[in-house]
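I opened my notebook to get to know a new structure. Come and look along with me.

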Amino acid sequence: MKNPKLANRYAKALFDFATEKGQIEEVYQDLMSIRTVLKESSELQMVLNSPVIAPKNKHAIFAKVFQNVISETTFIFLDVIIRKKREPALDSICEEYLKFYNEFHHIKTATLTTAQPLSTELTEEIKKMLEEQTHYTIEIKQVVQPKIIGGIMINMDDFSFDASIISKINKLKQEFAHNIYKINF
């Protein structure tokens with residue numbers, strides 16, 4: 001169930017509560033742990049998304065899995081999510097919380113797409129340049145896509161920079177398609 005407004009509201013409420021309690025970092029770590037467990041356990045995902053399993057049974061399962069692993073604040077939040085039958089949106093809520101966390105700490109994620117993996121030195125240089133331009137701490141996510149042939153594509157929020165070979169080839173194709181000169185002369 002994808003409902004961005006619902007996920008945003010719950011994540012905002014949790015973030016505000018964690019801020020009030022001084023537990024932003026703890027809740028962040030807890031939610032990242034929960035996301036990891038959910039990604040690794042398809043059975044737990046099935047339980048989470050099943051409308052047939054009663055909320056009290058889901059609560060008991062979550063208590064066994066998470067009660068001694070996560071903070072009391074996060075566990076209480078999970079209880080509210082289960083009672084309100086919003087557990088299918090838990091991953092989306094975690095993702096929205098991450099956005100609030102990153103904004104609070106002035107962190108942005110930049111996706112670097114290249115045809116081959118970049119060296120650590122070059123990645124750090126790009127990161128430093130982006131940090132100077134944005135005044136944010138930048139986390140780099142590298143994506144390797146051989147189909148771009150060469151060059152680099154950088155995507156960050158609403159900023160996009162495309163210096164790939166494939167984009168240059170596509171621009172040339174468009175220019176040649178609109179060429180006013182005849183091919184057969």
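Predicted model: local features only at pLDDT ≥ 70, side-chain atom pairs only at ≥ 80, totals over all residues.

**Entry 1: salt bridges.** I searched the whole structure and found seven salt bridges. I began in helix α1 (residues 4-21), where lysine 12 and aspartate 16 sit four residues apart, about one turn of the helix. Their closest N and O atoms are 3.1 Å apart. Lysine 12 is partly exposed at 35% relative accessibility, and aspartate 16 is partly exposed at 37%.

Helix α5 (residues 72-83) gave me another pair four residues apart, aspartate 79 and arginine 83. Their salt bridge is 3.2 Å, N to O. Arginine 83 counts as exposed, at 55%.

**Entry 2: a link between helices.** Which residue forms a salt bridge with arginine 35? I found aspartate 91, with the closest N and O atoms 3.0 Å apart. Arginine 35 is in helix α2 and aspartate 91 in helix α6, so the pair ties together parts 56 residues apart in sequence. I noted arginine 35 as buried at 13%, while aspartate 91 is partly exposed at 29%. Arg35 and Asp91 also belong to a salt-bridge network with Glu95.

**Entry 3: strands.** I saw β1 (residues 107-114) pair antiparallel with β3 (residues 151-156) over four bridges. Six bridges join β3 to β4, also antiparallel. β3 and β4 make a hairpin with two residues between them, and aspartate 157 in the turn has a positive phi of about 50°.

**Entry 4: surface.** Last, I looked up a nonpolar patch of about 230 Å², made by Ile149, Ile165 and Ile169.

Notes:
Residues numbered from 1 in each chain as written. Heavy atoms only, no water. Patch = residues over 30% accessible without salt bridge, like charges linked within 9 Å, V, L, I, M, F, W, Y side chains within 5 Å. Areas by Shrake-Rupley, 256 points an atom, 1.4 Å probe, with all protein chains shown as cover. Salt bridge = Lys/Arg side-chain N within 4 Å of Asp/Glu carboxyl O. Pairing = 2+ DSSP bridges. Buried < 20%, exposed > 50% of the residue type's maximum accessible area, 1.4 Å probe, protein only.
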